[in-house]
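Please read it with the structure open beside you.

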Amino acid sequence: MWKNYLKIGLRVLKKNRLYTILNVVGLTMGISGFLMIMLFIQDEVNYDRFYPESESVFRITSHWGDYATASYATAPPSLGPRIQADIPEVEAVTRLLKWNDFTIQPGSGTNKDQIFREEKVYYAESNFFEVFDLNLLAGNKQRALADSKNVVITESLGQKYFGDVSSSEMVGKSILMGSNNPDLKQISAVVEDIPAQSHFHFDMLVFDPGMNAEIFDMESWSWSILYTYAKFPPDKQQVVAEKLDQLVATYVIPSLESGAENSDYNLQLMPVQDIHLNSHLLREHEANGYQSYIYIFSFVAAFVLLLACINFMNLATAKAGLRSMEVGVRKVMGSQKSQLIYQFLTEALLLVLISVAISLVIVTLSNEPFNQISGKNLKFDLMTNSMIIWMIPVWVVILTMLSGFYPAFYLSSFKPLQIIKRQLSVGKNSHNFRNGLVVFQFATSLTLIICTLLVQRQMSFIQNSDPGFDRDQLVIIHNDGEIQNSQRDDFKGHFVSSSNVQSLSFSTGIPMSGQFQMRSFKIPTSDLEQGMNWYEADASYLDTYQFSLLKGRNFGETPGADQSKIVINEMAAKQLGISADPIGQLVIKNEGENDEATLEVIGLVEDFNFETFRNEIKPLVIEYMHDYFLRDYISVKVQGGNIVAGVDELNVAWKQFEPRVPMNYSFLDEDFGRLYASEMKMANLLQVLTGISILIACLGLFGLTAYTTELRNKEIGIRKVFGATLPEIFMMLSASYFKLILISMLIAVPLALVFMNRWLEEFAYKTGIEIWVILAAALACFGLALATIFFQTYKSIRANPVKTLKSE
């Protein structure tokens, strides 16, 4: 019996080629888009699940005040030992420190004479592998970080240093670490490369007792500097959270200066598996994704697939008139309704199987282009990807039922007597249903068009808006003490007469870095302390970034003349209560701490976005730069059109001061773009899904128009004989569809506005939703529908009426 169903199904599909092509193309596009988005979502939701017991690892973050003001992915140094001592539910605690870049020279191998600059090096504690049970390719986890001479490297870093050697051969090899008086280190273990699906990546782990004594063992609750991870059973999370609150009450609050803001200090637990999609704090290891985008893509991908199924249902019911006689004859010959249902479901199954097979080929061939769009490195592997293995058979069944169930029951319900007597008014019973599906298709497509345009408009707004400084042609050199305090003026002197370098500045912070330090500030006449972003900068800083100085003056060029002087932004002046007359005001920094200082305000700059456009502008204090021993930045304004020459000139000067260390630099506008990687992925993927949904909707409209026109060919001929013009006939054929598209617009516009308003709420600074964007999307959708209908009906309208009426 099933063999017969299959044979008849193949004959029907072969006979109705247009019907088959339209359905296969629509289903293929829907399935391909759905599969690609599922691969993207699978990658996003599987972050930090690659090592054993990852569900038991939690990161502890610190929050001072409201979550939008000072929430850090890091925690204070004193926290780790206190957790180990006071919270027995915690099995292990380990801490990491990202301090600076490292200069490395292999002690042997093919690259022993080459100097490398490594950015992904972390100071780690000896119990690191008790929390992160990573796969060691060589070495011992218990002893890997037990000695100050030991370092742990990844396999790819070992191959970079020593060539194509085995992991076991890398163990025991030496490297020189540091630029001046380098330390001899020994590789104690080789770890498997950290997968892309991790919230942080390292190339090397270093255990350094000196750094431990200076930072890790520091008795401080106010400096959130260490990444702190704890391992304990997931069912103990609530207990551990409560005991963290007790630690804050017992140790943290008493250690802090009295003030209203201190009562808001708290520590939070976050499962490491949730970090990538749910954590967007200051000092994150890397830019994370957004959980909301997963919901959006899941929703849109499912709707795109549903649109393809709707095409099938619409075309099948529209074609019912052409198959009604077949159903009548079959019933007269004794076919049961169930047999007809099986027959029509078999046809749907064949179409789905053909579409799935083509989709798998398309997704495989589109792997590389899709990776470029999504910013991922996904690999479509049918044989090893468990999600695809179980998803395909499940979706074959679901798609067959979704696309074929209603047509099967609808077609099999025809009564043979009505068909033979020509009393069956085919299509009337399903007319409203088909119209509803057309409305759904175009409403979905138009909603996606509007959302895509608005997302692109917001991205354009971010890229082109003035953040309050000039980020173009700015080269950022990451200076980790290579150019020392005493050498700054000499380094600057190399570019006094340069035609390629306009200005150059040293600072401990730069816009968009996300690594600002916090200090408390107050005016002498008030007891209220305010936590504010703070960094140091030299006299060239304001000019290099072209900040707008509203009042007062810049730092002077005379060395040391402006020590204990500060420049603040408008928000800092407002919070300190000195907006009316800030110049000359005295401000106390970190009262009661070791670095307490009384500073004088000499300048007020206009507020600028030193964080992302998602955040409101916060108070900022820029102190005159003096003897700073931590990592700093050299910001260089390069002459437009001479960027390559400018970088080359910087390299030449750099080598005179530090010949062994490569210059590590980036461009600020590129760093700025990386902050919005998730948004750009969303915009790109929405464009793809929108394009697919529009094409599917137009395919469906094309098919419906083809079959309805075919049914009305004789009517068209009669109207032409009686003098109807071509525009009149076209309007007669398309008027009903225009009404449906208008209804779709009335549904889509409010939906799109609701969705986009909610999305734009995530940005403190955003573009408005202007009416022309809505009109442009509606006109585009209407124009595509008009072109589709015209393309299909033109041939019938132009046909000779004699040919269509000759059978009468």
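1. Leaving aside its neighbours within four places in sequence, Leu-474 is in contact (heavy atoms within 4.5 Å) with Thr-544, Tyr-545, Val-636, Lys-637, Ser-666, Phe-667 and Leu-668. Leu-474 belongs to strand S14, residues 474–479, where helices (H or I, at least four residues) and strands (E, at least two) are DSSP runs numbered from the N terminus. Leu-474 counts as buried because its relative accessibility is 1%, the classes being buried under 20% relative accessible area, exposed over 50% and partly exposed in between, with a 1.4 Å probe and protein chains only.

2. This is a predicted model, in which local features need pLDDT of at least 70 and side-chain atom pairs count only at pLDDT 80 or more, whereas totals for chains, interfaces and linings use all residues. Residues are numbered from 1 along each chain as its sequence is written, and side-chain values use heavy atoms, with hydrogens and water left out.

3. The pLDDT, which is the predictor's confidence in each residue from 0 to 100, averages 83 over the protein chain, and 88% of the residues score at least 70. Confidence is highest in strand S12 (residues 227–231), at a mean of 97, and lowest in helix H15 (residues 416–420), at 56. Over residues 258–262 the pLDDT is below 50, although this stretch has eight contacts in the model beyond near neighbours in sequence. Where pLDDT is low, the predicted coordinates should not be read in detail.

4. Which residues does Tyr-545 contact, leaving aside its neighbours within four places in sequence? They are Phe-469, Asp-470, Leu-474, Ile-476, Ile-510, Pro-511, Ser-635 and Leu-668. Tyr-545 and Leu-474 are 71 residues apart along the chain, and their C-alpha atoms are separated by 8.3 Å.

5. Tyr-545 is also, with Phe-297 and Trp-759, among the residues with the most contacts inside the largest nonpolar core, which has 121 residues; such a core is a set of buried Ala, Val, Leu, Ile, Met, Phe, Trp, Tyr and Cys residues joined through side-chain atoms within 4.5 Å. A second, separate core has 28 residues, including Ala-73, Ala-124, Val-131 and Leu-205.

6. For the chain as a whole, the secondary structure comes to 26 helices and 24 strands, and buried residues make up 53% of the 808 residues. Of the contacts with a separation of 6 or more, 80% are between residues 24 or more positions apart.

7. The axes of helix H23 (residues 713–721) and helix H24 (residues 726–760) come within 10 Å and cross at roughly 150°, the axes being lines fitted to C-alpha atoms over the stretch in contact, with angles from 0 to 180 degrees between N-to-C directions. H23 and H24 are therefore roughly antiparallel to each other, a class that takes angles over 145 degrees. Their contact is made by Glu-715, Ile-716, Arg-719 and Lys-720 of H23 and Leu-726, Ile-729, Met-732 and Leu-733 of H24.

8. Two backbone positions deserve a look. Gln-546, in the loop between helix H18 (541–545) and strand S18 (549–552), has a positive phi of about 60° although it is not a glycine. Gln-546 is partly exposed, with a relative accessible area of 47%. Glu-53, which lies in the loop between helix H2 (17–45) and strand S1 (57–64), has a positive phi of about 60° and is not a glycine; Glu-53 is partly exposed, at 43%.

Methods
Angles under 35 degrees count as roughly parallel, over 145 as roughly antiparallel, 65 to 115 as roughly perpendicular and the rest as oblique.
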